[in-house]
Amino acid sequence: MKKDITDFKVRDQKVIVRCDLNVPIKDGNILDDTRIKACTETIEHLIGSNAKVIILSHLGRVKEEKDKENNSLRPVANRLSELINRPVKFVPYTRGIEVETAINSMKPKDVVMLENTRFEDLDGNKESGNDSELAQYWASLGDIFINDAFGTIHRSHASNVGIANILPSGIGFLVKNEVDKISSALNNPSRPLVVMLGGAKVSDKIGVIENAVKIADYVLIGGGMPYTFYKALGYNVGLSIVDDSSLDFCRKIYSEYKNKIVLPEDIVVATSLSEAANTRITTYANIGNNEIGIDLGMQTLSRYKTILMNANTIIWNGPVGMFEIAKFSKGTRKVVEILSNSKAKIVVGGGDTISALNKFGFNNSRAHISTGGGASLEMLEGKELPGLKVISEK
Ligand code: ADP
Ligand code: MG
């Protein structure tokens with residue numbers, strides 16, 4: 001069992017908290033503050049326990065000097081301050097005398113936020129490359145390290161793995177909740193367990209199937225994922241998306257797990273990706289050369305519905321159609337409706353999948369909506385998360 005925030009005496013201690021405050025910002029305005037809200041529980045707990053709170057986070061990608069302009073955490077510090085109703089001192093540096101002075105003058109309950117950890121990537125990829133000198137420097141600023149950034153827990157960076165290697169470390173409330181909910185769905189599911197995979201990042205998700213067939217009773221394949229299977233099985237998939245490097249894998253796993261892997265029988269195909277496109281419903285065996293498979297057909301939806309309604313645990317990652325275009329959104333909308341009415345234990349991950357939940361009015365307060373698409377996928381793949389592995393054991 002990993003140590004968590006409640007296992008530490010944090011009074012008067014300098015606690016470095018790695019948060020995932022990677023929110024969308026346009027012209028200095030925060031478009032969605034869900035991630036900032038999600039980490040307030042941990043921060044408020046530390047303030048309530050009289051700790052000195054030092055916050056680290058990344059924001060976007062910083063590859064060249066000009067990326068700094070649009071990726072400063074300053075607006076995030078301001079928003080956090082509003083949410084927790086106390087000052088958050090923002091230091092616009094990731095190291096140096098200003099950082100050290102601000103931290104040395106902290107009193108219990110004070111909150112300091114440093115600038116975007118990825119500014120360090122400009123000087124030799126130090127954050128993302130887990131540079132040991134940088135990790136050592138950041139660790140020297142505090143007494144205890146708490147990782148509450150689930151969104152990057154599958155990465156080995158200086159601000160999560162590096163610091164945790166040096167300081168006594170634990171996980172925050174957000175990470176604990178994510179890991180507990182996802183692990184229990186994976187390792188101790190109430191059956192039947194159904195894993196539903198869709199979306200467009202086919203090569204990223206195909207590896208998940210390998211573990212999913214071992215733990216799940218059914219693996220439903222939708223979105224852009226079925227076409228690699230169809231192609232592998234010898235059918236024409238027209239212009240649908242395919243991961244050519246996974247053809248052998250798909251052929252093999254499908255022949256071994258035919259009884260678990262459910263591929264769509266009928267699909268919506270179109271000759272272009274627009275609202276004005278001509279569409280038709282066809283079986284997988286009759287896709288035309290210039291057609292793209294983009295949504296699930298009615299017959300398939302009704303089969304998926306039966307399987308989902310029978311499930312006691314459902315894990316979903318990836319929209320089952322191009323839901324952003326109304327014409328191709330029927331399948332995803334239907335899935336959201338089925339999951340809204342489901343009594344199963346539900347875990348949903350993936351940025352676009354969560355957009356679909358919001359768009360179609362998902363209404364199921366017991367469902368766990370993960371803040372980390374990549375991290376939840378890696379758990380689903382059965383991989384160990386580097387940011388979690390390095391945390392001290394109880
Ligand atoms: P997530 O962000 O939830 O992990 P992905 O990024 O893998 O999901 O994929 C989301 C995208 O997949 C959506 O923008 C959707 O339009 C697209 N998509 C869904 N079905 C198809 C399809 N049949 N072909 C191509 N793209 C698809
Ligand atoms: Mg996505």
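**Burial, salt bridges and ligand contacts in a predicted model**

Student: Why is Asp 217 called partly exposed?

Tutor: The relative accessible area of Asp 217 is 26%. Buried means under 20%, exposed over 50%, and partly exposed in between, with a 1.4 Å probe and protein chains only. The value for Asp 217 falls in between, so the residue is partly exposed. The model is predicted, so local features need pLDDT of at least 70 and side-chain atom pairs count only at pLDDT 80 or more, while totals for chains, interfaces and linings use all residues. Residues are numbered from 1 along each chain as its sequence is written, chains are lettered from A and ligands numbered from 1 in the order in which they are written, and side-chain values use heavy atoms, with hydrogens and water left out.

Student: What makes the pair of Asp 217 and Arg 191 a salt bridge?

Tutor: A salt bridge requires a side-chain nitrogen of Lys or Arg within 4 Å of a carboxyl oxygen of Asp or Glu. The side chains of Asp 217 and Arg 191 meet at 2.9 Å, N to O, so the pair qualifies. The two residues belong to distant parts of the chain, 26 residues apart: Asp 217 is in the loop between helix H9 (202-215) and strand E10 (218-221), and Arg 191 is in the loop between helix H8 (173-187) and strand E9 (193-197). Helices (H or I, at least four residues) and strands (E, at least two) are DSSP runs, numbered from the N terminus. With a relative accessible area of 41%, Arg 191 is also partly exposed. Elsewhere, salt bridges that share partners join Asp 33, Lys 37, Arg 79 and Glu 82 into one network.

Student: Which peptide bond involving Arg 191 is cis?

Tutor: The cis bond joins Arg 191 and Pro 192, with omega of about 0°. Pro 192 lies in the loop between H8 and E9.

Student: How do you know that Glu 82 is exposed?

Tutor: Its relative accessible area is 56%, and this value is over the limit for that class, so Glu 82 is exposed. Glu 82 forms a salt bridge with Arg 79, at 2.7 Å from N to O. Both residues lie in helix H4 (residues 74-84), three residues apart, about one turn of the helix. Arg 79, at 23%, is partly exposed.

Student: Why does the contact between Glu 127 and Arg 18 count as a salt bridge?

Tutor: The closest N and O atoms are 3.8 Å apart, so the pair is within the cut-off. Glu 127 lies in the loop between strand E6 (111-114) and helix H6 (132-140), and Arg 18 in strand E1 (residues 14-18), so the pair ties together parts that are 109 residues apart in sequence. Both residues are buried. The structure holds 21 salt bridges.

Student: What makes the approach of the Asn 160 side chain to Arg 155 a polar contact?

Tutor: A polar contact is a pair of N or O atoms within 3.5 Å; within protein, one must be able to donate a hydrogen and the other to accept it, and residues adjacent in sequence count only if both atoms are side-chain atoms. The side chain of Asn 160 reaches the backbone oxygen of Arg 155 at 3.0 Å, so the distance is within the limit.

Student: How do you know that Glu 324 makes a polar contact with ligand 1?

Tutor: A polar side-chain atom of Glu 324 lies 2.4 Å from an oxygen atom of ligand 1, so the pair meets the distance criterion. A nitrogen atom of the ligand is 3.0 Å from a polar backbone atom of Gly 223, and an oxygen atom of the ligand is 3.4 Å from a polar backbone atom of Gly 351. The protein covers 90% of the 580 Å² of accessible area that ligand 1 has on its own, by the Shrake-Rupley method. Strand E14 (292-296) and helix H14 (351-359) are the elements that give two or more residues to the shell, and H14 gives the most, with three.

Definitions and conventions:
Accessible areas come from the Shrake-Rupley method with a 1.4 Å probe; for residues, only the protein chains shown count as cover.
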